[in-house]
Amino acid sequence: MEEKDLFGSLDLTRSSSEDRLNPLNAVLAFCGLPNMTEPLRYSRAEVAQKTGRNGAPVWIIYKDAVYDVTKYVAEHPGGPELVTDEAGTDSTKVFHEAGHTADAYTILAKYKIGELHEEEKHYDANGKKKKIVAVKPDGQTRSCLNKVTCGLLG
């Protein structure tokens, strides 16, 4: 017997095992909507537009996660300007330097709305800063400094 969604048109037997466990995700996929188990993804450029100016929401980035802190700005114990000064930016360093308590991290978690796109992330899955390794273009074996030095020395 064929499993069907509320509208009688979705064959869940052909869906992934995850979708069979959560029929809501199968219905969302059928409607062309994002999977509820996947976080929403944003670009740094999108976040940069959320500065609180002209009625815009206030978003910040903390360790590659995106937070909409619009409703929290007025409640911030240090004053709203401490939050709005960082609006639209990666606030990870500033957040750490402020010496926030464990409660602050709990409060922040309530405002998470998504994550950055994978290619824009600066932290690994454990929250550690990624090491950026420069890749030399094909065929380039010496740096510019080496070429200049070798050219001067003969």
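Leaving aside neighbours within four places in sequence, Gly-52 is in contact with Pro-57 and Val-58, where contact means heavy atoms within 4.5 Å. Gly-52 sits in the loop between α3 and β2, and it is partly exposed, with a relative accessible area of 32%. For accessibility, buried means under 20% relative accessible area, exposed means over 50%, and partly exposed is in between, with a 1.4 Å probe and protein chains only. From C-alpha to C-alpha, Gly-52 and Val-83 are 9.9 Å apart in space, although 31 residues separate them in sequence.

Before going on, a word on what you are looking at. This is a predicted model, in which local features need pLDDT of at least 70 and side-chain atom pairs count only at pLDDT 80 or more, while totals for chains, interfaces and linings use all residues. Residues are numbered from 1 along each chain as its sequence is written, and side-chain values use heavy atoms, with hydrogens and water left out.

Now step back to the overall layout. The protein has 7 helices and 4 strands; these are DSSP runs numbered from the N terminus, with helices being H or I of at least four residues and strands E of at least two. Along the sequence they follow the pattern α-α-β-α-β-β-α-α-α-β-α. Of the 154 residues, 27% count as buried. Among contacts between residues at least 6 apart in sequence, 52% join residues at least 24 apart.

Most residues other than glycine have a negative phi. Asn-54 is not a glycine, yet it has a positive phi of about 55°. Asn-54 counts as exposed, at 84% relative accessibility. Lys-63, in the loop between β2 and β3, also has a positive phi, of about 45°, without being a glycine. Lys-63 is partly exposed, at 30% relative accessible area.

Next, follow the aromatic rings. The structure holds 5 aromatic pairs. Rings of Phe, Tyr and Trp (its six-membered ring) pair if their centres lie within 6.5 Å; planes under 30 degrees apart count as stacked, over 60 as edge-to-face and the rest as tilted. The ring centres of Tyr-62 and Tyr-105 are 6.0 Å apart and their planes stand at 65°, so this pair is edge-to-face. Because Tyr-62 lies in strand β2 (residues 59-62) and Tyr-105 in helix α6 (residues 102-109), the pair ties together parts that are 43 residues apart in sequence. Tyr-62 is buried, at 10% relative accessible area, whereas Tyr-105 is partly exposed, at 30%. Together with Phe-95, these two tyrosines form one aromatic cluster.

Tyr-72 and Tyr-111 make a tilted pair, 5.7 Å centre to centre with 50° between the planes. Tyr-72 belongs to the loop between β3 (65-68) and α4 (80-84) and Tyr-111 to the loop between α6 and β4 (112-116), so the pair ties together parts 39 residues apart in sequence. Tyr-72 is buried, at 14% relative accessibility.

Several of these names return when we turn to open space. On a 1 Å grid over the protein atoms alone, a pocket is an open set of points where a 1.4 Å probe fits, with protein on both sides within 12 Å along at least five of seven lines, and lining residues have an atom within 4 Å of a point. A volume is the space filled by probe spheres set on the points, which are joined across faces, edges and corners. Of the 20 residues lining the largest pocket, the closest to its centre are Tyr-72, His-76, Val-83, Phe-95 and His-100. Helix α6 gives the largest share of this lining, 4 residues.

The second largest pocket holds about 150 Å³ of space. Its lining includes Lys-63, Asp-64, Glu-118 and Lys-121.

Finally, visit Ser-43, in the loop between β1 (41-42) and α3. Ser-43 is buried, with a relative accessible area of 14%. Leaving aside neighbours within four places in sequence, Ser-43 is in contact with Leu-116, His-117 and Glu-120.
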